[in-house]
Amino acid sequence: MTEQNPFEMAQKQLDDCAETLHLDPGAHEILRQPMRELHVSIPVRMDDGTTRVFQGFRVQYNDALGPTKGGIRFHPEETIDTVRALAAWMTWKCALLGLPLGGGKGGVICNPKELSDGELERLSRAYIDQIWQFIGPDKDIPAPDVYTTSQVMAWMMDEYSKRVGKNQFGCITGKPICIGGSCGREDATARGGMYTIREAAKALGLDLKNVTVAIQGYGNAGCNAAFLCKELFDAKVVAVSDSKGGVYNKDGLALENVCDYKAKTTSVVNTPDVEQITNEELLELDVDVLIAAALENAITRDNAPNVKAKILAELANGPTTPEADAILYDNGVHVIPDFLCNAGGVTVSYFEMVQNISMYCWSIEEVYERLNTKMTDAYHSVLDASRIYGINMRQAAYVVAVDRVVEAMRLRGWV
Ligand code: NAD
């Protein structure tokens, strides 16, 4: 299968939405390209005394609604088109959540697994040295993403602060709590997703206490989601999986046992006293809620007809192909699209910025409460649009988000 260029895919999604909205051609043209992008060469002194030059990018897609925001990825296969696509998706995600932010993304072509801690720190600082004039709390605020951690954010914030000559905690989010991080960031993505599942269940008339849940992907997002399903809804998580396979218990899994087993062996497969299932079987289980929390393209036109869940919650980015989307919609599966379902992370990142700027730290309860409000409002704006326009939830999410960005551009006199 030839992989689709991610930026072309993002442009195609926008084009479809432009048609639904009868978008002004000028506004459409502005939104088809990044507003601004920076390509940098980053020299780093390696431990053996040699100098290596890494390539990096920062893309600011659109800032009509506010300063751009988006993660920095350290990945060996990073490309400018992936960064552009992700920056576009961040623009829609921030707009959908009603955050006063635009969308951005950054990336460095490197393999952090092959770097020592010292090399990783020098690379993180050197990247900021190259882009610091381009970013800042009122311009563009990076965050962690693939293979970048809170420690990397701490180094980057420190480097930026040195450059501008004062502490600037609000220049980057996802920092450790003692240097300006926010409570609640750890499980924010999964928790935000839970709030949208709760609202979807209400809309469909499902009693969450009795629902069964299957989770594909038992990493950061999926594992947090499993525990939150129990904690928030007392729901029955009957199956979870990772890249090696899955486990199933029709009466509900003992999640602590699965976690302990995974911590010892790196996989949930062969956890004692449960049934073993394949990843394919997990996706087709007769459950109420299916949470996709692994990778892209999990649900395709081949397996979409067999999905029996009433709700598909996309905590992962891009788990459903466009062909599968149409099949799920026809079969009445209620999809909570990725840039709504997994927006809890950027929302708490935004809260972190607000706390940094106001020099006041919120309690964990305040973070949860505000996250709940944001996710609930966003879910209902998408549900309403899907009903008004007679379109699926993903198309509706686009319509809401793009419409907000276009309105901001119009009011600012750009179109
Ligand atoms: P992670 O690496 O911690 O976990 C991914 C999990 O998926 C691992 O357990 C892996 O074994 C499993 N997996 C891989 N291939 C699989 C397959 N074919 N079948 C079943 N499981 C498979 O990553 P994460 O941070 O949990 O992110 C998961 C998804 O959520 C990604 O798409 C990511 O972009 C998205 N997401 C995560 C966050 C976050 O805050 N962690 C925020 C927004 C979006």
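Which residues in H12 meet which residues in H13? On the H12 side I find Gly-344, Thr-347, Val-348, Phe-351 and Gln-355, and they meet Val-367, Arg-370, Leu-371, Lys-374 and Met-375 in H13. By class, I get 5 nonpolar, 3 polar and 2 charged residues for this contact. A reminder to myself before going on: this is a predicted model.

**Entry: how H12 and H13 cross**

I looked up the geometry next. H12 covers residues 344-358 and H13 covers residues 364-389. Their axes come within 10 Å and cross at roughly 130 degrees. Angles of 65 to 115 degrees count as roughly perpendicular and those over 145 as roughly antiparallel, so I note H12 and H13 as oblique to each other. The crossing of these two helices is right-handed.

**Entry: H6 against H13**

I stayed with H13 and turned to H6, which spans residues 188-204. The axes of H6 and H13 come within 9 Å, crossing at roughly 45 degrees. That angle makes H6 oblique to H13. H6 passes H13 in a right-handed crossing.

The residue list took me a while to copy down. From H6 I have Ala-188, Arg-191, Gly-192, Gly-193, Tyr-195, Thr-196, Arg-198, Glu-199, Ala-200 and Ala-203. Their counterparts in H13 are Tyr-368, Leu-371, Asn-372, Met-375, Thr-376, Tyr-379, His-380, Leu-383 and Arg-387. Sorted by class, the contact of H6 with H13 has 9 nonpolar, 6 polar and 4 charged residues.

**Entry: H13 against H14**

At what angle do H13 and H14 pack? I read about 105 degrees, with the axes 8 Å apart, and H14 runs over residues 393-411. H13 and H14 are therefore roughly perpendicular to each other. H13 brings Tyr-379, Ser-381, Val-382, Leu-383, Ala-385, Ser-386 and Tyr-389 to this contact, and H14 brings Met-393, Ala-396, Ala-397, Val-399, Val-400 and Arg-404. I count these by class as 10 nonpolar, 2 polar and 1 charged.

**Entry: the sheet with S6 to S12**

I then went to the strands. What is the strand order in the sheet of 7 strands? I find S9-S8-S7-S6-S10-S11-S12, an open sheet with mixed pairing. The edges are S9 (275-277) and S12 (334-336), each of which pairs on one side only. From one strand to the next, the twist averages 20 degrees.

S10 (residues 289-292) and S11 (residues 311-314) run parallel and are joined by 4 bridges. For Ile-291, the bridge partner in S11 is Ala-313.

Helix H7 (residues 220-233) lies across S6 (212-216), S7 (236-242) and S10. I noted its direction too: H7 runs at about 170 degrees to S6.

**Entry: the sheet with S1 to S5**

The other sheet on my list has 5 strands in the order S1-S2-S4-S3-S5; this sheet is open, and its pairing is mixed. S1 (36-45) and S5 (140-144) are the edge strands, pairing on one side only. Neighbouring strands are turned by 25 degrees against each other on average, direction ignored.

How do S1 and S2 run, parallel or antiparallel? They run antiparallel, and 10 bridges join S1 to S2 (residues 51-62). Leu-38 stands opposite Arg-58 in S2.

A helix lies across this sheet as well. I see H3 (residues 80-96) across S1, S2, S3 (68-75) and S4 (102-109), running at about 155 degrees to S4.

**Entry: the two domains**

Last, I checked the domain assignment, which gives domain 1 as 36-179 and domain 2 as 182-415. Taken over C-alpha atoms, the centres of the two domains are separated by 26 Å. How many residues of each domain are in contact with the other? I wrote down 29 residues of domain 1 and 31 residues of domain 2.

Terms used
Residues are numbered from 1 along each chain as its sequence is written. This is a predicted model: local features need pLDDT of at least 70, side-chain atom pairs count only at pLDDT 80 or more; totals for chains, interfaces and linings use all residues. Side-chain values use heavy atoms; hydrogens and water are left out. Two strands pair if DSSP finds at least two bridges between them. Axes are lines fitted to C-alpha atoms, for helices over the stretch in contact, and angles run from 0 to 180 degrees between N-to-C directions. Contact means heavy atoms within 4.5 Å. Angles under 35 degrees count as roughly parallel, over 145 as roughly antiparallel, 65 to 115 as roughly perpendicular and the rest as oblique. A crossing is left-handed if the near helix is turned anticlockwise from the far one by less than a right angle, and right-handed if clockwise. Ala, Val, Leu, Ile, Met, Phe, Trp, Tyr, Cys and Pro count as nonpolar, Asp, Glu, Lys and Arg as charged, and the others, Gly among them, as polar. Domain bounds come from an automatic or database domain assignment.
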